[in-house]
Amino acid sequence: NRDVAVYALGIGACGRDAVDEDELKYVYHENGQKSIQVLPTFSALFSVGIMMKGLDIPGLDYDPRLLLHGQQYIELYQPFPSSASLVNKSSLAGLHDKGKAAIAEIETKTYEKGSGKLLCMGRSTAFLRGAGGFSKSSQPYSYSTYPKDQIGAIEIPKSLPSAVFQDLTQPSQALLYRLSGDYNPLHSDPNIATVAGFVISPILLYLSTLKHHI
């Protein structure tokens, strides 16, 4: 319960209104409910946690301070229990030489300990600046196990939006979100952010804005 509540706060739940009627159930046992409800995007944490522990890919050297989280994909198979022990199994699903950088794709499957139920699958892309150039320029190395036709293209309508919603992030949101396991100092340490080229301030983690996309 604590983990899912900290996560919900880290992506902005109840950030504008501490007793928001739509979001309070994700951080509090509202109206006598037995457990806190789990946001489905909670599953994005599992594959990110693997990246934060370091990618041990034989022959590939990279500066962890220059690692950027590129893309995130999740599939949900079962509702999340609010209290459980989970087992994450990760594998390298792709590796691509982009010249000045390398892209590593990490796939993580999450099971409920005990029952063995597969709850979700997530894929994260790590953009490793300075780690490319390990293959011939004429035939750059590229490997992936991703199905090419897994998701159909989404057509963006040309009409005006039927509704507009404005929200805001909190100044300390990155510091709160990192408590869920994404301890990349790029988002909290001004000195590390400067090394990575962000001279004004550390940058906000894009996964910490997932509340706005649910």
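This is a predicted model: local features need pLDDT of at least 70, side-chain atom pairs count only at pLDDT 80 or more; totals for chains, interfaces and linings use all residues.
**A walk from the sheet to the core**

Let's start with a pair of strands: β3, residues 101-112, runs antiparallel to β4, and eleven bridges join the two. Strands here are DSSP runs of E with at least two residues, helices are runs of H or I with at least four, and both are numbered from the N terminus. Two strands count as paired if DSSP finds at least two bridges between them.

Residues are numbered from 1 along each chain as its sequence is written, and side-chain values use heavy atoms, leaving out hydrogens and water.

Now zoom out to the whole sheet. Five strands make up an open, antiparallel sheet, in the order β1-β4-β3-β2-β5.

Back in β4, find S124. Is S124 buried or exposed? Its relative accessible area is 0%, so S124 is buried (buried means under 20%, exposed over 50%, and partly exposed in between, using a 1.4 Å probe and protein chains only). The side chain of S124 makes a polar contact with the side chain of Q72, at 2.6 Å. A polar contact is a pair of N or O atoms within 3.5 Å; within protein, one must be able to donate a hydrogen and the other to accept it, and residues adjacent in sequence count only if both atoms are side-chain atoms.

Next, the nonpolar cores. In soluble globular proteins, nonpolar side chains tend to be buried together. A core here is a set of buried Ala, Val, Leu, Ile, Met, Phe, Trp, Tyr and Cys residues joined through side-chain atoms within 4.5 Å. The largest one has 26 residues, and Y7, F42 and Y177 have the most contacts inside it. The elements giving it two or more residues are α1 (2-10), α2 (44-52), β4 (118-129) and α3 (173-177). A second, separate core has twelve residues, including L60, L95, A104 and L128.

What about the cysteines? C14 is buried at 12% relative accessible area, and C120 is buried at 1%. The structure holds zero disulfides, a disulfide being a pair of cysteine sulfur atoms within 2.5 Å.
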